[in-house]
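Colleague: I have the file open now. Can you walk me through it?

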Amino acid sequence: MRIVTLASFLCLSSCLTAGVALAGDPVVPVREVMDATTVNWQEGDHEYQDLFDEPRLGRLYSKDFVAKYRAAAKFPAYDEGTSPFDYDVIVNGQDGCPLQDTAIAVKGPKDGATEVDATFKNMSCAGTEPEYQKLSTVKFLVVEEGGKPVIDDILTENFDDGNFSSLKGIMVEIAKQGG
């Protein structure tokens, strides 16, 4: 009887631990953003997936990120649009190819958040030269809010110098400058 009780306890304990790990998995919101981005860059007919539509804003991003997005969205990049961006903020450009070799990895703590990096090739259809075959990296800073992981910032690599720019910083600048 004691062995059964111990086995039941160990099973319950590991199941609860796994559930907690899954509930707070910082990869979950990043994967949804990367899956949507992958669909958006696919060839052929498909419905565009807005990374910042209302359901995603409320589910995937921190309150601070959402506030900065809403302030910047008052100044849409195009007259007929609602987005403050005139480019894809994940691939950091307007041109590209279907994403290839996409990978997501938890890098660890950074500035009070968990850094989750997504790497991918997004120019490989443009040629076989090394510059078209290199991996791009996007750093997601994920925090816990209300017991769940949410994206607090997205850092994209600058093509000029290899440094990373904060999307929250860009949104603040858009709101400050009025578009």
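Colleague: What do the buried residues of α6 pack against?

Modeller: This is a predicted model. In it, the buried residues of α6 pack against α4 (63–73), β4 (148–157) and β5 (164–166).

Colleague: Which residues of α6 are buried?

Modeller: L167, K168, M171 and I174, in a helix that covers residues 167–177. They sit on the same side of α6, because the arc they cover around the axis is only 120°.

Colleague: Why would that spacing put residues on one side?

Modeller: An α-helix has 3.6 residues a turn, so residues three or four places apart point the same way.

Colleague: And what does the face turned away from the buried side carry?

Modeller: That face of α6 carries the exposed residues K176 and Q177.

Colleague: What caps the N-terminal end of α6?

Modeller: S166 does, with a side-chain oxygen 3.3 Å from the backbone nitrogen of K168. Past the helix comes G178, with a positive phi near 75°.

Colleague: Back to β4. How many of its residues are buried?

Modeller: 8 of its 10 residues, and that makes β4 mostly covered.

Colleague: Which way does β4 pair with β3, parallel or antiparallel?

Modeller: Antiparallel, over 8 bridges, with β3 spanning residues 136–145. Among the partners, E145 is bridged to K148 in β4, and V143 stands opposite V150 in β4.

Colleague: What does the turn there look like? How many residues lie between β3 and β4?

Modeller: The hairpin of β3 and β4 has 2 residues between the strands, and G146 in the turn has a positive phi of about 60°.

Colleague: And on the β5 side, how many bridges?

Modeller: β4 and β5 are paired over 3 bridges, in the antiparallel sense. E157 has F164 in β5 as its bridge partner. In this hairpin 6 residues lie between the strands, and G162 takes a positive phi near 80°.

Colleague: Zooming out, in what order do the strands form the sheet?

Modeller: The 5 strands form an open sheet in the order β1-β2-β3-β4-β5, with antiparallel pairing. β1 and β5 are the edge strands, each pairing on one side only. From one strand to the next, the twist averages 30°.

Colleague: Which helices lie across the sheet strands?

Modeller: Helix α2 (residues 27–40) lies across β1, β2, β3 and β4, and runs at about 155° to β1. α4 lies across β3 and β4, at about 55° to β4.

Colleague: Changing topic. How many disulfides are there?

Modeller: The count is 1 disulfide. It is formed by C97 and C125, with the sulfur atoms 1.9 Å apart. The pair links distant parts of the chain, 28 residues apart: C97 is in the loop between α4 and β1 (100–110), and C125 is in the loop between β2 (113–121) and α5 (130–133).

Colleague: Left-handed or right-handed?

Modeller: The disulfide is left-handed, because the torsion about the S-S bond of C97 and C125 is about -80°.

Colleague: Is each cysteine buried or exposed?

Modeller: C97 counts as buried, because its relative accessibility is 3% and the cut-off for buried is under 20%. C125 counts as exposed, at 55% relative accessibility, where exposed means over 50%.

Colleague: Last thing. Where do residues other than glycine have a positive phi?

Modeller: One of them is N92, with phi near 60°. N92 lies in the loop between α4 and β1, and counts as buried because its relative accessibility is 19%.

Colleague: What about D101?

Modeller: D101 is not a glycine either, and has a positive phi of about 55°. Its place is in strand β1.

Definitions and conventions
Residues are numbered from 1 along each chain as its sequence is written. This is a predicted model: local features need pLDDT of at least 70, side-chain atom pairs count only at pLDDT 80 or more; totals for chains, interfaces and linings use all residues. Side-chain values use heavy atoms; hydrogens and water are left out. Buried means under 20% relative accessible area, exposed over 50%, partly exposed in between (1.4 Å probe, protein chains only). Helices (H or I, at least four residues) and strands (E, at least two) are DSSP runs, numbered from the N terminus. The arc is that of the directions from the helix axis to the C-beta atoms. Contact means heavy atoms within 4.5 Å. A polar contact is a pair of N or O atoms within 3.5 Å; within protein, one must be able to donate a hydrogen and the other to accept it, and residues adjacent in sequence count only if both atoms are side-chain atoms. Two strands pair if DSSP finds at least two bridges between them. A disulfide is a pair of cysteine sulfur atoms within 2.5 Å. Axes are lines fitted to C-alpha atoms, for helices over the stretch in contact, and angles run from 0 to 180 degrees between N-to-C directions.
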